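Welcome! Keep the chain in view while you work through these exercises.

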Amino acid sequence: MTSNPYPLGLRLDGRRVVVVGGGAVATRRVPALLDAGADVLLVAPELTPALRARVDAGRLHWVPRRFVPEDLDGAWLVQVAIDDPMAAASVSAVAAERRIFCVRADDRTAATAWTPAVTRHGPVTVAVLGGGDPRRAMTVRDAIRDLLAVRLATDGIAGRPDASTGTTGGRRTGRVALVGAGPGDPELITVRGWRLLTEADVVVADRLVPGLLLDELRPDVELVDASKIPYGPSRAQEEINQILVDRALAGAFVVRLKGGDPYVFGRGGEELLACAEAGVPVTVVPGVTSSIAAPAAAGIPVTHRGVAHEFTVVSGHLAPDSPASLVRWDALAGLRGTLVILMGLKNLAAITATLIAHGRSPQTPAAVVQEATTGTQRVLRSTLGEIAADLRTADLRPPAVVVVGDVVGALDG
Ligand code: SAH
């Protein structure tokens, strides 16, 4: 075959696609077919557990036997995902007879259609064919993916999908995205969070947001540093809400970028309500929270089989005896699992004393993880009884997470 392939984007919504074979190739191909809305019929005597789970979830039809020609009744496309060349050839012969395009995992030269290497960026799909060499296709695809990530960041090349109106580019209705930036390492933002950040007109960022993420914004993006807003905390929050609402109503796409997850001690709920009240559409993109990531970065799993079957995340911002505190420290002292305390350094001595007074053993392993997942991460390991004193000598500072529980030593050899 010497001619070039003719590229197409198949719109498979509700259309029958037959996949023959239930092994590794089918496991990799079926999700994208389902994602495209295809009505997938899987013909195979046996399935991988991953495919079995999709069948059990009612996502596709499975006929548990070998292929027969009638399986192609009503099909628009066939994916041959079996190793046996004789069986594969007989499937493609039936497909050819019926003029149904046939993708062959076992023999690309015998196939009548090729699966490209794909990268997706919001509304844009780039599909690469490597002239019959899948490795070449993947190499080129990877290069384009990297390039697109940069171009998107610098000039919004892919257009800006608008969740509320479905328009791209040009005129937009303003909206707000509350995006979790992750714990500190700029690579720990989600793929969606990163994409929305590259599309933003205005970015309102917190003190805890990884600086490198902001470094990559387009020069014309308005960056509002929420930590620099004067006034006290509650007035500052009102100011932030106002900025989000005002900019969005003026037509901007505003990303409110917050450390960790927006809803874990991040006041994301208040911002969502303020936007909703003003009629501004809001999307929330969860983030990797420091309450789980900081222990992990220090080699501490928040749960571990046979050690801790629960973990509790709590704010140590208010002293245990503060009338405003909503935390039942006495009750927490009775738990056996992992306790993760955020914003707890200032009150650590009072917190540990309260936990011990209500029955948690002073021997319980404890750790403090400062600036987790960043270049300046520091870890202090101690016990519940000693950690407050050790903290003073070690001179650790916020932001830091305190972890209490047997998981602290669980992975130590
Ligand atoms: N929404 C954030 C938490 C905001 S409260 C999240 O989900 O992670 C701020 C507190 O988070 C800090 O006082 C500290 O306790 C914790 N924190 C945030 N980032 C941290 C990091 N990189 N290392 C350790 N603790 C961190």
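Two exercises follow, each with a worked solution.

The model is predicted: local features need pLDDT of at least 70 and side-chain atom pairs count only at pLDDT 80 or more, while totals for chains, interfaces and linings use all residues. Residues are numbered from 1 along each chain as its sequence is written, and side-chain values use heavy atoms, leaving out hydrogens and water.

**Exercise 1.** Describe the open sheet that five strands form.

*Solution.* Begin with the order, which is β3-β2-β1-β4-β5, with parallel pairing. Strands here are DSSP runs of E with at least two residues, helices are runs of H or I with at least four, and both are numbered from the N terminus; two strands pair if DSSP finds at least two bridges between them. Next, find the edges: β3 (61-63) and β5 (101-104) each pair on one side only. Now look at one pair: three bridges join β2 (residues 39-43) to β3, and Leu41 stands opposite His61 in β3.

**Exercise 2.** Work out the surroundings of Leu318.

*Solution.* Then list its contacts (heavy atoms within 4.5 Å): leaving aside neighbours within four places in sequence, Leu318 touches Ala324, Ser325 and Asn347. Lastly, the C-alpha atoms of Leu318 and Gly344 are separated by 8.4 Å, the two residues being 26 residues apart along the chain.
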